[in-house]
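Please read it alongside the sequence and the structure shown here.

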Amino acid sequence: MAHHHVTSADIAINGDHLDSSKVSKVKRMALIVAVLGSVASIYLLFFASEKLRGPFAYSWLFAFYYFLTLSIGGVFWTLLHNVSNSSWGTSVRRTFENLGSTFPWVFLFGLPLLFPQVQVYLYEWMNIHRAAPGEVKEYLHHHEHLLSNKHWFMNLPFWYGRFAFYGIGLSAVIYGLRKLSTAQDTDPNPGTARLLTARYHSNYPLIIFALTITFTGFDFLMGLDYKWFSTMWGVYLFAGTALNSMAVIVLVCTWLKSMGHLKHVTTSEHFHIMGKLMFAFTTFWAYIAFSQFFLIWYANITEETSYFSIRNTGNWNIAMYFLVFGHFVVPFVVLLQAWLKKNPKMLSIVAVYTLCMHALDHYLITIPERGVSLGHIKPEVFGDIQVAIPGAFWGDILAFVTIGAAFLFILIRALGQHSLYPNRDPRILESANVSN
Amino acid sequence: MSTTRKRVYGYLAEFKSASALYKGAEKIRDAGFRKWDCYSPYPIHGLDGAMGMKRSILPWFVFFGGMTGTATAFALAYTTQVVIYPTVVQSKPVNIFTVPAFFPIMFELTILFSGFTVLFGLLGLIQLPRLNHPLFASDQFRKATDDGFFIAIEARDPKFTPNGTRDLLAEIGGANIELVEEED
């Protein structure tokens, strides 16, 4: 396979800019859907009857966390590219940064979680804390000892403090790194200084990243059932995050290439590498998902097994079996093919597929808890504990489409702001000629 | 020993750099030769493409080797833990649904068998270990482990002709062209 050797004559000297007229239609549509959906969602979250508000709080959490993982993943790949001093990814680095830059905006969709009107349906421990007469810790010590032991972590001020940290931390990180990167596009004397700065300011943010993916998972998802815990929860969420943000990156790069962008700099070799990363994280997800199940299954502790008991009740059981084959076996076998990973269109099909499986994964993380919790928190409104709330599915779709449209709008907006690849990066030619 | 019979192995030519070797390989590929090889002190990215190498069959060996490992481990664990001597732990059932307990060993044996298939399959395909190679008869070939880049075209290639092949090697930039003979 003889490649045309890319030289500086092939690099767009003033950058490769997205033609805004070509994407304005998609962008406008996404914005309209996002605004209409948000209006409907605000109504369903705060003003509708309790019977609608309760189930929709879970729909919102599911959709919010799904798109949050994709944004966090964009930050992760940016950081990893910088700290590992990688050269292959320079031509797709801007896509990492653009995906990561959606983080602050997607995080805004988590703001409803700050309101007690929403929290009341999701986080039972907060209800217990709020209802406690007198000194909270003292009350818990006598009435809910488990929560008393967890009080140092699960208390309202600390929870709100962590919420602020999640939002500000990674937003500051990606804002700074993206600014550093895009400023080079117009620098008449681009050197290596920015690369070294980016590398330096990507090492400690990896800790911020790890804390964010782990503890948002603890606070927003694991907190749905305060009795339940899993030490593999953070890494489990991370596995899905890394895999599916790479899937989004593959889709964006394929889309940009189909419009004639990233010419000469992003080749089938880059898609091969990105496909290999998807393959690696498909396997990693399975490894972690199984390890989590295995530890819980073996130890057989009531507090831990509740997670799988709920998800193996009724039809959730079929979905859980489907997840094993759909999220692991199928993509594993498909992604083994080298030719497929080198073909952007084929890899994009797999990327769309893994994103669907990611939706199923997160649906199974958040939603089975709904029927159990609502029946437990407010039996006078929602009746007995049930496997699933009838009709609540439509709310899930509404929330997913709303935040999804907003995510699309923010991503396309970010793509249009700067050159689509770092055209003055000293390593752009090395990246363009990569071979593996 | 004038009675020693010799057999022509093929032509050996030196190239002055990795890129010269790469470009030479592309020309020999395009000329349609099959029995030939490149020798370099270090791996050269993309040389397999320049040589027109076909995809190795090794991955298929490894796939079936790995599957054999999975099946072996499952059979071993299932037979001993369920059929012959059921081990009841924490009143968990002893049947096919105990399979999660077998996953670690199934995983490990898959890796082990795959690893063995890679190693021994590769050694078989490249015909190693061997005691000698005809090219060792050439003195200049020693440089291949240090700073020399070589292409050798074997005489058993159907396209090989004594003069034509030598001229081709000279034409594409080969130097120190040598007819290598092996002792019969």
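How many residues does the contact take from chain B, and how many from chain A? In this predicted model, the contact takes seven residues from chain B and eight residues from chain A.

**Contact between the chains**
- On the side of chain B that touches chain A, the residues divide into four polar, two nonpolar and one charged.

**Backbone geometry in general**
- Most peptide bonds are trans, and most residues other than glycine have a negative phi.

**A cis peptide bond in chain B**
- The peptide bond that runs from B:Leu128 to B:Pro129 is cis, its omega being near -5°.
- B:Pro129 itself belongs to the loop of chain B that lies between helix H4 (99–125) and strand S3 (149–154).

**Positive phi in chain A**
- A:Asn85, although it is not a glycine, has a positive phi of about 55°, and its place is in the loop between helix H2 (50–83) and helix H3 (93–100) of chain A.
- A:Asn85 counts as exposed because 10 other C-beta atoms lie within 10 Å, where the cut-off for an exposed residue is 12 or fewer.
- A:His264 is likewise not a glycine and has a positive phi, here of about 70°, and it is placed in the loop of chain A between helix H11 (233–258) and helix H12 (268–299).
- A:His264 has 19 other C-beta atoms within 10 Å and is therefore partly exposed, since a buried residue would need 20 or more.

Technical notes:
Residues are numbered from 1 along each chain as its sequence is written. Chains are lettered from A and ligands numbered from 1 in the order in which they are written. This is a predicted model: local features need pLDDT of at least 70, side-chain atom pairs count only at pLDDT 80 or more; totals for chains, interfaces and linings use all residues. Two residues are in contact if their C-beta atoms, placed from the backbone, lie within 7 Å. Ala, Val, Leu, Ile, Met, Phe, Trp, Tyr, Cys and Pro count as nonpolar, Asp, Glu, Lys and Arg as charged, and the others, Gly among them, as polar. Helices (H or I, at least four residues) and strands (E, at least two) are DSSP runs, numbered from the N terminus.
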